[in-house]
Amino acid sequence: MEKGGFLNEEQIKTAEAVGSISYKMLELARSKIKEGARLLDVANEIEKYAKDSGYELAFPVNMSINEYAAHYTPTAFDDKVFGKNDVVKVDLGAKKDGVLGDCAITIDLSGENQKLVDASKEALDNAISKVKAGVKISEIGRIVDETIRSKGFVPIKNLGGHGVGLHDLHAEPFIPNYDNGDDTELEEGMVIALEPFATNGKGYVVNSDIFEIYGYIEDAPTRDQNARKMLAEVKSRYEHEPFAVRWLSGLFDSRFSLYSAARELMRVGAIEAYPALVESGKGMVAQTEAEMLVEKDGCRVLTK
Ligand code: MN
Ligand code: MN
């Protein structure tokens with residue numbers, strides 16, 4: 001893993017444009033996510049907006065609900081709709097020339113979990129106010145932890161912020177949501193994302209058995225024709241960034257062919273799955289995320 005950020009001047013301009021489009025995608029999500037709306041329709045609409053604006057996607061639009069903290073995206077034939085009490089984490093990013101956006105909001109459809117949502121949002125705001133060159137990442141973690149606990153919730157410890165490099169969504173350093181004692185300092189010119197997660201559960205996530213987001217690893221031999229066809233497409237279009245199986249549905253005439261090709265590629269080690277992550281105590285989860293450029297005396301938020 002490489003240390004994140006350190007873009008040149010032209011790339012920083014691109015990062016600002018990517019950040020601005022990413023933020024507009026979040027606003028679109030906020031206007032479209034309602035009780036009864038289909039997750040698949042909303043994801044398609046947000047992803048189309050990015051493409052119509054001349055951008056690619058840093059990763060599939062994630063819409064993780066309630067105790068699901070991250071990495072849920074609709075499947076190719078998903079008929080799930082938003083429920084009236086859903087707490088929806090929308091995590092997304094546009095991409096251009098390898099420059100990646102990464103930001104998230106939580107939409108509380110019932111209004112009954114607003115304190116939880118505010119805990120993650122205030123944790124992010126407080127952390128951003130401390131970001132500058134020379135600050136230890138454990139200090140950022142401490143602020144996130146203290147803010148969330150002061151609201152009566154706990155942070156999710158095994159999720160956190162990270163550097164964002166060219167074609168590298170999760171670059172060094174890992175920036176915790178609690179004080180982990182890491183003395184690593186933020187550096188001027190680094191691009192980072194901060195993402196406090198607050199929960200009323202146990203404070204850590206585990207893998208679920210839901211798979212829709214994958215990443216390319218390497219070519220691997222398989223006798224399965226459909227898997228070979230999928231691998232060629234994945235390598236040419238999604239070699240660096242995660243993809244959703246639903247993005248490949250046009251290649252096949254059935255759901256069975258589509259998903260068995262993905263399973264075969266995982267079996268032979270050509271792709272890896274990013275399973276949906278669920279709070280281990282089945283707690284409700286809220287997340288807020290922004291991406292920023294670390295400066296000498298502060299930071300410049302890119303996803304705005
Ligand atoms: Mn994210
Ligand atoms: Mn992130």
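Helix α1 (residues 9–32) packs with α2 at an angle of about 150 degrees, and their axes are 10 Å apart. Because angles over 145 degrees count as roughly antiparallel, α1 is roughly antiparallel to α2. The crossing of these two helices, α1 and α2, is right-handed. Before we go on, please keep in mind that this is a predicted model.

Which residues of α1 and α2 make the contact? From α1 come Ile21, Lys24, Met25, Leu28, Ala29 and Lys32, while α2 brings Val42, Glu45, Ile46, Tyr49 and Ala50. Sorted by class, the contact of α1 with α2 has eight nonpolar residues, three charged ones and no polar ones.

**A second pair of helices**

Now let us turn to α5 and α6. Their axes come within 8 Å and cross at roughly 80 degrees. Angles of 65 to 115 degrees count as roughly perpendicular, so α5 is roughly perpendicular to α6. On the α5 side, the contact is made by Asn226, Ala227, Met230 and Leu231. Ser257, Leu258, Ala261, Ala262, Glu264 and Leu265 are the α6 residues that take part. By class, the contact of α5 with α6 has seven nonpolar, two polar and one charged residues.

**Salt bridges**

Side chains of opposite charge can pair when their charged atoms come close. How many salt bridges does the structure hold? There are 15, and the table shows some of them.

| Salt bridge | N to O distance |
|---|---|
| Lys48 and Asp52 | 2.7 Å |
| Glu241 and Lys95 | 2.6 Å |
| Arg267 and Glu264 | 2.9 Å |

Start with Lys48 and Asp52, which are four residues apart in helix α2 (residues 39–52) and therefore separated by about one helical turn. Asp52 has a relative accessible area of 56%, so this residue is exposed.

Arg267 and Glu264 sit in helix α6 (residues 255–267), three residues apart, which again means a separation of about one helical turn. Are these two partners buried or exposed? Arg267 counts as exposed because its relative accessibility is 63%, whereas Glu264, at 14%, counts as buried. You have met Glu264 already, among the α6 residues in contact with α5.

For Glu241 and Lys95, the closest N and O atoms are 2.6 Å apart. Glu241 lies in the loop between α5 (225–237) and β15 (243–244), and Lys95 lies in strand β5 (residues 94–96), so the pair ties together parts that are 146 residues apart in sequence. Both Glu241 and Lys95 are buried.

Salt bridges can also share residues: Glu16, Glu295 and Arg300 are linked in a network of them.

**A look at Phe197**

Finally, find Phe197 in strand β12 (residues 197–199). Is Phe197 buried or exposed? With a relative accessible area of 2%, Phe197 is buried, because buried means under 20%. Which residues is Phe197 in contact with, leaving aside its neighbours within four places in sequence? Ala69, Ile148, Val154, Pro155, Ile156, Leu159, Asn177, Val285, Ala286 and Gln287 make up the list.

Technical notes:
Residues numbered from 1 in each chain as written. Chains lettered and ligands numbered in written order. Predicted model: local features only at pLDDT ≥ 70, side-chain atom pairs only at ≥ 80, totals over all residues. Heavy atoms only, no water. Salt bridge = Lys/Arg side-chain N within 4 Å of Asp/Glu carboxyl O. Buried < 20%, exposed > 50% of the residue type's maximum accessible area, 1.4 Å probe, protein only. Axes fitted to C-alpha atoms, helices over the stretch in contact; angles between N-to-C directions. Parallel < 35°, antiparallel > 145°, perpendicular 65-115°, else oblique. Left-handed = near helix turned anticlockwise from the far one by under 90°. Contact = heavy atoms within 4.5 Å. Nonpolar A, V, L, I, M, F, W, Y, C, P; charged D, E, K, R; others polar.
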